[in-house]
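Here is a quick tour of a two-chain model, written to be read with the structure open beside you. Have a look first, then follow along.

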Amino acid sequence: MTAAVTTTVHDGRAVGSILYLDGVSVSFDGFKALNNLSLVVERGELRAIIGPNGAGKTTMMDVITGKTRPDAGTILFREDIDLKRRDEAEIALLGIGRKFQKPTVFESHDVFTNLELALKGERALFRSLFFGLSGEQRNRIDAVLRTIRLGEHRRRLAGELSHGQKQWLEIGMLLVQDPELLLIDEPVAGMTDAETEATGELLRAIAQGHSVVVVEHDMEFVRGLGAKVTVLHEGSVLAEGSLEQVQNDQRVIEVYLGR
Amino acid sequence: MPRAFPPATWVVMPLLLAVALLVPVLNLLAPPGSAFHVPTYTVSLLGKYLCFAILALSVDLVWGYGGILSLGHGAFFALGGYAMGMHLMRRIGDRGVYANPDLPDFMVFLNWEELPWYWQGFDMFWFAALMVVLAPGTLALVFGWFAFRSRVTGVYLSIITQALTFALMLAFFRNDMGFGGNNGLTDFKDILGFNLQADGTRLTLFAITAITLALAFATCGYIVRSRTGLVLVAIRDAESRTRFCGYRVEHYKLFVWTVSAVIAGIGGALYVPQVGIINPSEFAPASSIEAVIWVALGGRGTLWGAILGAVGVNGVKSWLTGAFPDVWLYALGALFVAVTLFLPKGIAGALAGLGRARPATPPLAVGREAKA
């Protein structure tokens, strides 16, 4: 089964999709990191992306979030917003949040401040020079602190947190940023079993209100998510469907086990 | 709702204002020979240290908070100094060696017929004061615009700041640039009609410098305490994360970079009347590197550490160059190595660590919750 892009584009609108990639290619010094990649994520969907190392998972996230410019192809957000010509900050403000593979938080700020900086709202320089937080914003941060189980650590430096706590903090930063689409790169890498389970719970809760794309290696974790799975290989989509379907796909088996 | 100022402000500001008052008072009232008497020579020396402290503060603002290691901040300091020097030069009038009322001595010496266009207006103090701010500010704005927009960071940025100050040094060395070449600008007579050699003028300049330092400290303190400051530290620690949060990193960097250059320029403008000369050696890469060392020794990212470092290192330098002229550079090197090894957060970091029994609280977060 080849992943066919079923969403139709009318007058430049990819109807019903939150994210629409068509024929996206990126090459670095001749190496094709993405090769004619086409992928559609529906509004409100939770999608898992798997694939061996070098399959182009992280490059795909880079292209969507404006870190890397694609050589060719179409990238539409919310049906008709072209992401190709925008930079990271602009794309973030449009409503795409990203969690890095390695937990990336502001280490010399405390947990609360990390969330404060990520909080949806004004980003302009001159406002930030003269204004602080409103009570309502404070409550929002407190609520997220409870969700990510860091309520007692609010005044601890982010740099002092454990690996798992940093991952949660970063997810919390995405939550307060309140993007429509979350891109999450390997959220459970390096986590204990208990932490992994808690993270899965957290992601399922987030998926209730947002569209989420998760890149993950851990098959058990992906199974727990119960999401549609896309398999990437050498920069393009190899298979798409439920986890059972793709696990029984002959080519997927070859890519993961063969050679 | 602004977040106001860091707690250290309420110690540093009164201290600097006290110094502004006390040093001149001790000069005037304590009889010469008494232990409390501060000779005028020392007052000017201290004034020079405080100008360096203003420079150090500006370096700490960009480096300690924004993570931009500038190895060329001396250029902004020198530009402010040259703007002031040009004014003082014009006010010499016909009291120069050649007694030419229209041209500074060095131009007469070079057989120039008339004042170059870029010297026009410098006879007026307000114009020169404006240039003290505009010259370094504009250079920083243009330089920063290109550098930050092209995302030049880290060691590459440090290298081009170094190249910037080096290029300016070479340019200012040239006689036909019209800034006095190698000799620079000197032989100043008076400022706003007050004789620069008079004790009263020197004491007043010292007091103004101390007050300016206090105001610069408050300005930097306000910035680092505001959300802008929080974003700066975020950029320093995780630049791409900050971008993915939706912040325009280049705007924040450009803002703090330009403010910092202006502060450095003001420091330079106060420096020139007190030392009586400005020449291209102020642009020397080594001067800018020395300023970074003051900040590193004093404690990066604390603001007050920068002041401590600048005054401390220069105090030791004055003493050592007098007592053991040969060992000064070795001593500075040894000091830098020792602090890097044993006090990675500088003197300020070590002092703050001593005063804090409970687990480390970030310097920026102290007291914020109480304010909030």
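Asn111(B) counts as exposed because it has 6 C-beta neighbours inside 10 Å, and the cut-off for exposed is 12 or fewer. You'll find Asn111(B) in the loop between α4 (105–109) and α5 (125–149) of chain B. Its backbone is worth a look in this predicted model: Asn111(B) has a positive phi of about 65°, although it isn't a glycine. Most residues other than glycine have a negative phi.

Chain A has an asparagine of this kind too: Asn36(A), again not a glycine, has a positive phi of about 55°. Asn36(A) sits in strand β4 (residues 31–42) of chain A. Is Asn36(A) exposed or partly exposed? It counts as partly exposed, because 14 C-beta neighbours fall inside 10 Å. Here are the two side by side:

| Residue | Phi | C-beta neighbours inside 10 Å |
|---|---|---|
| Asn36(A) | about 55° | 14 |
| Asn111(B) | about 65° | 6 |

Now for some helix packing in chain B. The axes of α8 (residues 227–237) and α10 (residues 249–275) of chain B come within 10 Å and cross at roughly 110°. That angle falls in the 65 to 115 degree range, so α8(B) and α10(B) are roughly perpendicular to each other. As for handedness, the crossing of α8(B) and α10(B) is left-handed.

Which residues make the contact between α8(B) and α10(B)? From α8(B) come Thr228(B), Val231(B), Leu232(B) and Ile235(B), and they meet Val249(B), Tyr252(B), Lys253(B) and Val256(B) of α10(B). By type, the residues of this contact split into six nonpolar, one polar and one charged.

On to where the chains meet. In the model, 26 residues of chain A are in contact with 27 residues of chain B. On the chain A side, α2 (88–94), α3 (111–118) and α4 (125–130) each supply at least two of the residues that touch chain B. That side of chain A divides into 12 nonpolar, eight polar and six charged residues.

How confident is the predictor? For the complex, it gives an ipTM of 0.87 and a pTM of 0.90. Chain B has a mean pLDDT of 91, with 94% of its residues at 70 or more. Residues 357–372 of chain B are another matter: the pLDDT there is below 50, and the stretch has 23 contacts in the model beyond near neighbours in sequence.

Notes
Residues are numbered from 1 along each chain as its sequence is written. Chains are lettered from A and ligands numbered from 1 in the order in which they are written. This is a predicted model: local features need pLDDT of at least 70, side-chain atom pairs count only at pLDDT 80 or more; totals for chains, interfaces and linings use all residues. Axes are lines fitted to C-alpha atoms, for helices over the stretch in contact, and angles run from 0 to 180 degrees between N-to-C directions. Helices (H or I, at least four residues) and strands (E, at least two) are DSSP runs, numbered from the N terminus. Angles under 35 degrees count as roughly parallel, over 145 as roughly antiparallel, 65 to 115 as roughly perpendicular and the rest as oblique. A crossing is left-handed if the near helix is turned anticlockwise from the far one by less than a right angle, and right-handed if clockwise. Two residues are in contact if their C-beta atoms, placed from the backbone, lie within 7 Å. Ala, Val, Leu, Ile, Met, Phe, Trp, Tyr, Cys and Pro count as nonpolar, Asp, Glu, Lys and Arg as charged, and the others, Gly among them, as polar. pLDDT is the predictor's confidence in each residue, from 0 to 100. A residue is buried if 20 or more other C-beta atoms lie within 10 Å of its own, exposed if 12 or fewer, and partly exposed in between; C-beta atoms are placed from the backbone.
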